[in-house]
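Please read this briefing with the sequence and the 3D view side by side, and look up each residue as it is mentioned.

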Amino acid sequence: IDELLAEGVVGKRVFVRADLNVPLAGTEITDDGRIRAVQPTIAKLAEAGARVIVASHLGRPKGAPDPAFSLAPAAKRLGELLGSDVAFATDTVGSSAKETVAALADGQVAVIENLRFNAGETSKDDAERGAFADQLAELADLYVGDGFGAVHRKHASVFDLPARLPHAAGYLIATEVGVLKKLTAEVKRPYVVVLGGAKVSDKLAVIDQLLGKADRILIGGGMAYTFLYAKGYEVGISLLQKDQVDVVKEYMARAEKNGVELVLPVDILASSEFPDLKGKTPADFITVDADKIPADKEGLDIGPKTRELYASKIADAETVFWNGPVGVFEHPDYAGGTSAIAQALVDSNAFTVVGGGDSAAAVRTLGFDENAFGHISTGGGASLEYLEGKTLPGLAALEV
Ligand code: 3PG
């Protein structure tokens, strides 16, 4: 982007592909981290006199307009952060977008409506995606890719559009890639990885890679129960992916062979019901050893012994990567495990990286200071796929 800026962008229409996919409660943004993360790129372009067109997806609408997924709240928040009026187009490539862009003065910013209101954005068909990218290209003179959270998606605005315009990567992508490179190249040891989240199937590829890289892998969240089951424990009605048990067994064997410590919860908070997240009524749970989850109960957080154990495994680390909450942190009674992991990262002297929308949001909503961490990534799937060693379409398109 610095090269683009050096060449001069005054009066140029610059399309910024951001990731403004923020969590919403109705029209309230509950965590604006992703908007703040891309703000420097947008502010710099505006200061330099560009006419900035900010585009993003939000949620997973079905290729047609859906008010529940409007980017209007994100546009409003962006305006507040920039301290300037941000125009908003109520469509993406239609008359509102064209008029809004045509009306932009030098240094002004507009947000266009959710890219995924158009089927072409996410289409698997190259021609359909290309046709939508052609329409987007008409809006702009230059392209800046800065939606790190979406670079693993082969979507029109991420992959096809940069091929149609002079392009560059923004500051956020540069920072994110710089940090993740450190985790793949000369990582400082002990290298400890904490993996949580609901589904083990989402994490298999990264575990596969990490078994040749990490010194310790600490497992929590819904995915832990498939590991505990693979170890021969009964897990009651906990989340379980039976079809992944054989893969998990193979990973446990490989960890042992490679000298990687694969650490599983030793105790669990378990309940016969999933907590009411809206009303936040007190949760009704018991604390049990991980091999004694009753048949009618499901595990919802790691227990106190596990919190201590995991903190001790993090304490002497030089590098920590954490992806995924280790419990149902949205309910205060099941937030203790996730809080303990965040605290252990804060207390360690390691270079700490928090990856993933959920863990990043958890860290902030649980009241931690984001500056206490080495880096909080805006990408969940994107950072995992980077660590898996995959080629990410949105980075390849920018030659990053
Ligand atoms: C994310 O939240 O991880 C990114 O915004 C990508 O969203 P997606 O998984 O719906 O493509």
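Predicted model: local features only at pLDDT ≥ 70, side-chain atom pairs only at ≥ 80, totals over all residues.

**The open sheet**
- Six strands form an open sheet, in which the pairing is parallel and the order is β11-β10-β9-β15-β16-β17.
- The edges of this sheet are β11 (261-263) and β17 (375-376), each of which pairs on one side only.
- Within the sheet, strand β15 (residues 319-323) runs parallel to strand β16 (residues 351-355), and five bridges connect the two. One of the places to look is T319, whose bridge partner in β16 is F351.

**Helix α13**
- Helix α13 (residues 336-347) is made of 12 residues, and the distance from its first C-alpha to its last is 16 Å, which is close to the 16 Å expected at 1.5 Å a residue.
- The residues of α13 that are buried are G337, T338, S339, A340, I341, A342, A344 and L345.
- The elements covering these buried residues include the strands β9 (191-195), β14 (298-302), β15 and β16, together with the helices α12 (304-315) and α14 (357-365).

**Strand β14 and its partner**
- Strand β14 is mostly covered, since five of its five residues are buried.
- Strand β12 (residues 267-271) is antiparallel to β14, and four bridges join the two strands. Here L269 stands opposite D301 of β14.

**Positions annotated in UniProt**
- According to an unreviewed UniProt entry, the annotation "binding site" covers K203, G299, E330, G356, G357, D358 and S359.
- G299, one of these annotated positions, is located in strand β14. G299 counts as buried because 30 other C-beta atoms lie within 10 Å. If its neighbours within four places in sequence are left aside, G299 is in contact with Y225, V235, S238, I268, A270 and I293.
- G356, which the annotation also covers, is found in the loop between β16 and α14. G356 is buried too, because it has 25 other C-beta atoms within 10 Å.

**A buried and an exposed residue**
- When its neighbours within four places in sequence are left aside, the contacts of V16 are T41, I42, L45, V52, I53, V54, A55, V144, D146 and G170. With V52, the separation is 36 residues in sequence, while the C-alpha atoms are 7.0 Å apart in space.
- A105, by contrast, belongs to the loop between α4 (95-102) and β6 (109-112). A105 is exposed because 9 other C-beta atoms lie within 10 Å, and the cut-off for an exposed residue is 12 or fewer.
- A105 and A50 are 55 residues apart along the chain, and 8.5 Å separates their C-alpha atoms.

Note on methods. Residues numbered from 1 in each chain as written. Buried ≥ 20, exposed ≤ 12 C-beta atoms within 10 Å, placed from the backbone. Pairing = 2+ DSSP bridges. Expected span 1.5 Å × (residues − 1). Contact = placed C-beta atoms within 7 Å. UniProt positions renumbered as here; feature names shortened; annotations may be inferred.
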